Amino acid sequence: MITEVQIKSAAETLRAYRQAKEPLDRRIIDEEDWWRLRHWDNYRNKTGKNEVMPTSAWTFNSVINKHADMMDVVPSAVVLPRESRDKAEAEKLTGILPVVLSRNDFEKVYSDNAWYKLKHGVSAYGVFWDNSISGIGDISIKNIDVLNIFWQPGICDIQDSKNLFIVALTDNDELNEQYPETVGNLGKSFADVSEYHLNVAEDTSEKSLVVEWYYKKNGRVHLCKFVDDIILFASENLPEYRDRGFYDHGLYPVVLDVMYPEAGTCYGFGVISVCRDPQMYIDRLDGAVLENLKWQTRPRWFAKKNCGINTDDYSDLDRDIVWVEGDISDERLRQITTADVSELVFRWKESKINELKETSSILIRPPPRTTSGATSGLARSTLQEAGNKTVRDITSGSYRAFSHIVTMAIELIRQFYSEGRTFRIIGSDGMTQEYITYDNSALICGGDCLTEPVFDLDISAEKRSPYSRATANETAMELYKLGFFDPENAQKAMIALDIMDFDGVDEVKRRVQNGNTLKNELDALNKTVADLRAAIDELIRQRDAVPYVTEAQI
């Protein structure tokens, strides 16, 4: 049983996890300042110097370019059965899962986590069962701020952590309404969380830190939700969860999507970590140039003491006359000269900009052009894909995370869909609609069933970039011009297609094969018609060959 004693022990563990994670939290907060072009604030606080501090957006540009590439290939999943008897169920899940993702506005969740991953090198998805959805409960998929997650230090897989904590500030009024036992007992929080440097300070005086504590026991994952020293929910205290755990899949409901991994950790670093030093060099060089321009546009002077010049009159531009005593000479007053900025500074700045572009993989060279000056769509797409190889690598990591998300979603359907739910399934043509009622009866083992159905996933892009579509269109036109779709060339086309690799090649093979089959059937039908026509002609000929006999002769 979970009691106040275990809660206090868990709070101490949370405090230790938070202390070990502080360097990561500080880095994320600092990188968020870089993202908002406010990185000079931290530098100024450390140095106290009053200097020109310009900001350029090269790092910002790197992030938004990669995010645009990632949004061109939002993932989707096709469920594949491992056994033939599960084929029908796999097809149903393939139609149901997009509806579940759509209800969770997954494209926005994916977009938010893509921003976070690119900026900080790791993003977190939460895949939960929420009893409050639709009255009977449903799957909840959302992004979690990494500042609000705490795990065991020194692990490389978050599932290996002994405990996992997810914290969130919640209004006291909301807690009092949902949990009457908290009325008058809030305000004794065990821990706090790191905060971003926001423009408007958040008032947390009427909020409390709610902790979701996940832990594994005997291979089962349990959940305890508490605030201060008050237990709001504990799966181990309920008979229906005590032996089986809160989630049957036995996993923490968190999936981390890592960009550039760091050894000995379950997180990584992102674009800002790579680009911040070149960005700082660029901004410092800009600052030096601006400082020089400031000196040149506002002349300054060397003046001897008691030189007889009224410096107040001289520095006041509204005065027409400046009074002096004695002669004015270069010995008594001389302008301070400032040298122009060396060309080397500008070349060095350009080299740092190119370095930042190279390291962030956004240095795209112009595509080749034809003799008429038109740019080949295939060449442009090829160049785009060549420049996006690092983005493809980043996206492949997001696809692996998406595979874990979908797997968890299927397991939650298996565990909690005891009541039927209605889904509207869109056909492959994008127009036909079908309404089905689905529950978990075919996913759980019962009766003569020995094993529960297990599925594999095929993850692909839900939508393509314009360059990918242009490439596909050009490929189709080239195949058409080469006669690949002519049934007469089906055998040759199939030989060529067997050694080709492009998106949709299997569908092209199927259609060419179908065209060849239809041609063979049509040829066979034409031959049958020709044989029948020849037989009829022969019968007519034989009839006409019989001598005509008159009635008299008979």
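This is a predicted model: local features need pLDDT of at least 70, side-chain atom pairs count only at pLDDT 80 or more; totals for chains, interfaces and linings use all residues.
Local features need pLDDT of at least 70, side-chain atom pairs count only at pLDDT 80 or more, and totals for chains, interfaces and linings use all residues. Residues are numbered from 1 along each chain as its sequence is written, and side-chain values use heavy atoms, without hydrogens and water.

**Helix α3**
- Helix α3 (residues 58–71) has 14 residues and should span 20 Å at 1.5 Å a residue; its end C-alpha atoms are 20 Å apart, which agrees. The expected span is 1.5 Å times one less than the number of residues. Helices are DSSP runs (H or I, at least four residues) and strands likewise (E, at least two), numbered from the N terminus.
- Its buried residues (under 20% relative accessible area, 1.4 Å probe, protein chains only) include Thr59, Ser62 and Val63.

**Aromatic pairs**
- The whole structure holds 17 aromatic pairs. Rings of Phe, Tyr and Trp (its six-membered ring) pair if their centres lie within 6.5 Å; planes under 30 degrees apart are stacked, over 60 edge-to-face, the rest tilted.
- Tyr247 and Phe416 pair edge-to-face, at 6.5 Å centre to centre and 85° between the planes. Tyr247 lies in the loop between α7 (239–242) and β9 (254–258) and Phe416 in helix α12 (residues 389–416), so the pair ties together parts 169 residues apart in sequence.
- Tyr247 is buried at 1% relative accessibility; Phe416 is buried at 14%.
- Ring pairs link a cluster that includes Trp129, Tyr247, Phe416 and Tyr417.

**Charge over a ring**
- The charged end of Arg421 sits over the ring of Tyr417, 4.1 Å from its centre. The cut-offs are NZ of Lys or CZ of Arg within 6 Å of the ring centre and within 35 degrees of the ring normal.

Notes
Buried means under 20% relative accessible area, exposed over 50%, partly exposed in between (1.4 Å probe, protein chains only).
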